[in-house]
Amino acid sequence: MSRTLPAGLTVTARVPASSANLGPGFDSLGMALGIYDEIEVHSTGSGLTVRVEGEGADEVPWGPSHLVVRAIERGLETAGVWADGLDVVCRNAIPHSRGLGSSASAVVGGLAAGCALAAEFDSELSVDTDLLVQLASEFEGHPDNAAASVLGGIVVSWTETARPGDDADSPERIYRAVRLAAHPRLHPVVLIPEDRSSTAHTRGLLPESVPHCDAAFNVSRAALAVVALSQRPDLLLSATEDRLHQAQRAPALPLTTAWIERLRAAGIAATVSGAGPTVLALGTEPFPAELRDLAVADGLRVVEPGLAEGVRVG
């Protein structure tokens, strides 16, 4: 039976943006980036108040259907507690619908805040990061962005199905992730367009099946990416090659595609960030000034966010 939180508890979650795929690691490689949303939650005697500042303030519902609110309630439910009232403030800096994991960040931040409220009430109700990855990935349907926002840094994530003997008609999906030790000189840069992209639309451009040779190509590049990101950044250009999703999405992302080609021609490992339209560039040096000026002239916002730690609650 759920216990009810007292009024007057307060927690704040700070959660990073993320970039998924990193080229060949479709739905498996992710990276936390130093652009942060902040979620402040107070338990109250009754009702629900939601305020949103910054990105998406005029676009998202300010009520119980808000993604952060749903995630907070899921976190409370997981801990076995309830709140008669909540006051929620979302301060958003992560651009929406740009391929920077804004929805995953909202989910991770809300879950972390809900679980932290429960732990404020009873320290024995604290939740570990493995469970946070599972809960957040259940919202998302895949773990790459969510795991990066939970664990921080660079993550390798995967999905397992139910063990033999479980109900084959509705197998449980188990989401897992581990963090890589990133190379100390790794320097991510994002080029963010004003235009937005729908993940559902760009994912719908992908074929149901791919040639064996393309699958083998991506397996080799994804394995190489683990080495390049952690030990050999000189291999990043080759390690970020892809045949499974970027070319297929290119017609819907003309500016993104043009900039990826331009950066790669200049020797910079560039990929689509998630489903786009943001471009992720990976290297060990600051972004060249002349390319920055050209990008700004094309309407791109150039941000050098650095790698981020995972969600933090205080």
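This is a predicted model: local features need pLDDT of at least 70, side-chain atom pairs count only at pLDDT 80 or more; totals for chains, interfaces and linings use all residues.
Some ground rules. Local features need pLDDT of at least 70, side-chain atom pairs count only at pLDDT 80 or more, and totals for chains, interfaces and linings use all residues. Residues are numbered from 1 along each chain as its sequence is written, and side-chain values use heavy atoms, without hydrogens and water.

Helices (H or I, at least four residues) and strands (E, at least two) are DSSP runs, numbered from the N terminus.

Start with the sheet. Four strands make an open sheet, ordered β10-β11-β9-β12, with antiparallel pairing. Two strands pair if DSSP finds at least two bridges between them. Which strands stand at the edges? They are β10 (269-272) and β12 (301-303). Each has a single partner strand, so one side of each is left without a neighbour in the sheet. Neighbouring strands are turned by 20° against each other on average, direction ignored.

Look at β10. Four bridges join it to β11, residues 279-283. In this pair, Thr 271 stands opposite Leu 280 of β11.

Now the helices. α2 (residues 102-121) packs with α3 (residues 129-140) at about 135°, axes 9 Å apart. Axes are lines fitted to C-alpha atoms, for helices over the stretch in contact; angles run from 0 to 180 degrees between N-to-C directions. α2 and α3 are therefore oblique to each other. Angles under 35 degrees count as roughly parallel, over 145 as roughly antiparallel, 65 to 115 as roughly perpendicular, and the rest as oblique.

Who makes the contact (heavy atoms within 4.5 Å)? Val 107 and Leu 111 are among the α2 residues, and Leu 135 and Phe 139 among those of α3.

Definitions and conventions
Contact means heavy atoms within 4.5 Å.
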